[in-house]
Structure formats: structure tokens, C-alpha cells
Amino acid sequence: MAIHLYKTSTPSTRKGAVDRQVKSNPRNNLIYGQHRCGKGRNARGIITAGHRGGGHKRLYRKIDFRRNEKDIYGKIVTIEYDPNRNAYICLIHYGGGEKRYILHPRGALIGDTIVSGTEVPIQMGNALPLSAV
């Protein structure tokens with residue numbers, strides 16, 4: 001795992017580091033445009049909350065929270081930043097050819113295999129149902 005250390009040029013870049021294995025190109029069939037009409041406006045379009053609005057345009061990533069691919073092994077292909085939540089996400093390629101995003105388990109690296117089911121070993125990234133514990 002390569003970590004890029006910044007050369008200090010401002011106080012905000014002091015002691016800053018970026019993980020080099022984080023990618024930023026999302027899968028086209030797992031993202032869609034998110035309609036954001038808020039920006040501090042009411043139903044008539046009048047600004048009611050000051051100092052809100054602007055920001056960068058964001059695309060929503062479909063996250064698999066259910067993890068219902070039972071007993072099918074998947075491989076972590078990329079680790080990406082999700083602008084809609086304060087977390088990283090992983091792109092998983094399952095054995096059947098399906099691709100899904102999950103929340104990035106802390107400590108999981110690119111190339112690790114994960115599985116979900118009732119009889120899976122307790123490891124980082126594996127998912128067990130609550131009734132199996």
C-alpha cells in the first residue's frame with residue numbers, strides 16, 4: 001500500500017497523507033443522478049436558509065446494504081471515495097459476474113475476498129446475519 005505524503009505548503013497540508021489505492025472512477029451502471037432541489041429554498045423557490053447552496057455536483061452510488069449474495073465469494077477491485085457520505089466504498093466483483101458497491105471495511109485491501117452467509121468465518125469484510133451469531 002503506497003501512501004503519498006504532501007509537501008507542507010499551507011497549514012492544512014501539514015501532516016496530510018493520501019492512500020494511493022483509492023480510485024475515483026465510478027461504474028456507470030451503479031450510479032445515477034441525484035435530484036437535489038434543496039439548497040436552502042422553500043417550495044416556492046425562495047431562499048429561506050442563508051449561506052446554503054452551491055457545492056459540487058454529485059452522483060449517487062447504489063450501495064448494497066443487504067449483502068444478500070449468500071455463499072458467493074467476491075473480490076475487492078477498487079476503493080473509492082463517496083461524496084454523498086463520510087465513508088469510502090468498495091467495488092466488489094462476485095463470482096457470478098455481478099458488481100456491487102459496499103461500505104469499505106476498515107483494514108480491507110484491494111484483492112481481498114469477502115463472502116456473506118450463515119456459515120462464513122468471522123473476518124474483516126464478511127457479513128453474517130444477526131440470527132447466526
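Predicted model: local features only at pLDDT ≥ 70, side-chain atom pairs only at ≥ 80, totals over all residues.
**A tour of the strands and cores**

Residues are numbered from 1 along each chain as its sequence is written, and side-chain values use heavy atoms, with hydrogens and water left out.

Switch to cartoon. You will find zero helices and nine strands in the protein chain. Strands are DSSP runs of E, at least two residues, and helices are runs of H or I, at least four residues, numbered from the N terminus.

Colour by burial. Of the 133 residues of the protein chain, 26% are buried, meaning under 20% relative accessible area (1.4 Å probe, protein chains only).

Now select I76, I79, C90, I92, Y94, I102, A108 and I114. These eight residues form the largest nonpolar core. Such a core is a set of buried Ala, Val, Leu, Ile, Met, Phe, Trp, Tyr and Cys residues joined through side-chain atoms within 4.5 Å. Strand 6 (74-82) and strand 7 (87-94) each supply at least two of the core residues. Strand 7 gives the most, three.

Centre on I92. Beyond its neighbours within four places in sequence, I92 is in contact (heavy atoms within 4.5 Å) with G74, K75, I76, E98, K99, R100, I102 and I114.

Last stop: select L30, I89, L91 and Y101. They are among the five residues of another core, apart from the largest one.

Terms used:
Buried < 20%, exposed > 50% of the residue type's maximum accessible area, 1.4 Å probe, protein only.
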